[in-house]
Amino acid sequence: MRFKTIALAETTFAIALLCGTAQADPAAAPTLGQTLDSFHPTPQQTIALRDFLGPRGDKLVALGVSANGLAIFDLRDAKNLRTGQIAVRNDAEEGSIFVARVNGPAAFDPNRTIAPPRVQNAKMQGAIAAALADAKDGEAYEAAIAKGHDLFLRARPMLALTLDPLAGRIAESEASFFADGSGFVRILRAATGNTAATPVYLGAKFYPAIKGDGQKAFRDSVIGVDADFTATLASLGEGPVCRACPPPTPVRLSGEPHSTIWHHAVVPSAPANLIAQISPPPAASKVLNDRPTSPGQIGASGQPPGI
């Protein structure tokens with residue numbers, strides 16, 4: 001096991017903006033931004049969603065809402081070829097917003113799920129539980145590991161994928177963000193186009209609440225865990241998609257899981273107006289000290305200037 005700590009004054013994530021050209025198909029379908037707005041996210045959730053989705057150059061095409069409440073959008077390039085998908089859902093019962101993204105030759109299958117492999121490590125799980133203890137995702141995390149005590153939240157299945165037969169690489173990431181901006185993200189990366197077992201990467205990040213200091217949005221810490229496996233994508237789910245497919249190959253862990261801690265993790269994409277909403281008001285003494293004095297005014301000392 002490798003447990004690595006990064007002690008930086010400010011650790012920043014990649015700039016994330018809810019931007020890009022949105023096109024609805026049919027025209028009456030809501031855009032991604034309108035769909036997320038309908039979930040009434042808090043300022044902290046909005047910051048977290050912006051950070052997760054990141055910058056986009058491809059256009060968005062709405063595909064509709066599945067039976068289980070997933071609003072799905074295609075990502076298409078200038079030639080109108082699909083480069084990936086985004087799916088979102090309001091999980092009101094637990095107070096979170098679910099968002100997923102896949103890039104590469106694959107599409108979400110909203111009718112199936114895949115169960116992450118079970119990997120256990122008491123030291124890493126203890127660190128994660130401590131980091132989330134005061135956050136709104138802490139209860140959901142404890143519930144997810146109550147039975148299996150696994151690192152990758154096996155009790156919360158990930159969306160399954162319908163794979164393009166062409167060879168390529170896919171990257172699937174999905175997250176749940178709670179009202180205080182806390183949440184967890186899982187990332188799956190693998191090769192497609194063959195039935196043999198190949199390297200599969202699985203990672204997860206665990207986020208406590210987002211805070212503001214008037215200048216920046218940040219989290220006290222972020223914990224990431226990751227591991228490499230040898231498997232097929234069918235091995236991770238409920239079995240082969242087609243009857244002609246061979247039986248699933250057993251999932252094998254390659255090496256040991258790794259863990260990284262980012263201290264004082266800043267979210268640089270957070271806009272000033274949202275930072276202001278989540279920051280505590282300035283202390284009264286600071287307001288007084290920052291207020292310029294002129295002849296005849298009483299400053300923070302309580303004395304007129306010059307006394």
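## Charges over rings

In this predicted model, Arg89 sits over the face of Phe98, 4.9 Å from the ring centre.

## Aromatic pairs

The count of aromatic pairs comes to six. One of them joins Phe52 and Phe177. Their ring centres are 6.2 Å apart and their planes meet at 70°, so the pair is edge-to-face. Phe52 belongs to helix α2 and Phe177 to strand β10 (residues 168–178), so the pair ties together parts that are 125 residues apart in sequence. Both Phe52 and Phe177 are buried.

Phe152 and Phe229 also pair edge-to-face, with 6.4 Å from centre to centre and 70° between the planes. This pair links distant parts of the chain. Phe152 is in the loop between α4 (138–145) and β9 (158–163), while Phe229 is in strand β14, 77 residues apart. Phe152 has 0% relative accessibility, so it counts as buried. Phe229 is buried too, with a relative accessible area of 3%. Elsewhere, ring pairs link Tyr141, Phe178, Phe184 and Phe206 into a cluster.

## Nonpolar cores

In soluble globular proteins, nonpolar side chains tend to be buried together. Here, the largest nonpolar core has 40 residues. Ile128, Tyr141, Phe152, Phe206 and Val225 have the most contacts inside it. Strand β14 gives the most to this core, with five residues. A second, separate core holds 33 residues, including Leu36, Ala175, Tyr207 and Ile275.

Tyr141 brings several of these names together. Leaving aside neighbours within four places in sequence, Tyr141 is in contact with Gln125, Ile128, Ala129, Leu132, Leu153, Phe184 and Phe206. Phe184 and Phe206 are also in the ring cluster with Tyr141.

## Strand β14 and its partners

Strand β14 covers residues 217–231. Twelve of its 15 residues are buried, so the strand is largely enclosed by the rest of the structure. Strand β12 (residues 198–207) pairs with β14 in the antiparallel sense over nine bridges. Phe206 has Ile223 of β14 as its bridge partner. Strand β15 (residues 252–266) is antiparallel to β14 as well, over eleven bridges. There, Gly224 is bridged to Thr260 in β15.

Strand β13 (residues 211–212) also pairs with β14 in the antiparallel sense, over two bridges. Lys211 stands opposite Phe218 in β14. The two strands form a hairpin with four residues between them. In the turn, Gly214 has a positive phi of about 90°.

## Asp226

Asp226 is placed in strand β14. Is it buried or exposed? Its relative accessibility is 17%, and the cut-off for buried is under 20%, so Asp226 counts as buried.

## Helix α2

Helix α2 runs over residues 43–53. Nine of its eleven residues are buried, so the helix is largely enclosed by the rest of the structure. The buried residues are Gln44, Gln45, Ile47, Ala48, Leu49, Arg50, Asp51, Phe52 and Leu53. An α-helix has 3.6 residues a turn, so residues three or four places apart point the same way.

The helix is followed by Gly54, whose phi is positive, near 70°. Phe52, the aromatic partner of Phe177, is in this helix.

## The chain as a whole

The chain has seven helices and 15 strands. Buried residues make up 45% of its 307 residues. Among contacts with a separation of 6 or more, 67% are between residues 24 or more positions apart.

The chain exposes about 15,100 Å². Carbon and sulfur atoms supply 55% of that area.

Definitions and conventions. Residues numbered from 1 in each chain as written. Predicted model: local features only at pLDDT ≥ 70, side-chain atom pairs only at ≥ 80, totals over all residues. Heavy atoms only, no water. Buried < 20%, exposed > 50% of the residue type's maximum accessible area, 1.4 Å probe, protein only. Pairing = 2+ DSSP bridges. Contact = heavy atoms within 4.5 Å. Areas by Shrake-Rupley, 256 points an atom, 1.4 Å probe, with all protein chains shown as cover. Core = buried A, V, L, I, M, F, W, Y, C linked by side-chain atoms within 4.5 Å. Phe/Tyr/Trp six-rings, centres within 6.5 Å; stacked < 30°, edge-to-face > 60°. Lys NZ or Arg CZ within 6 Å of the ring centre and 35° of its normal.
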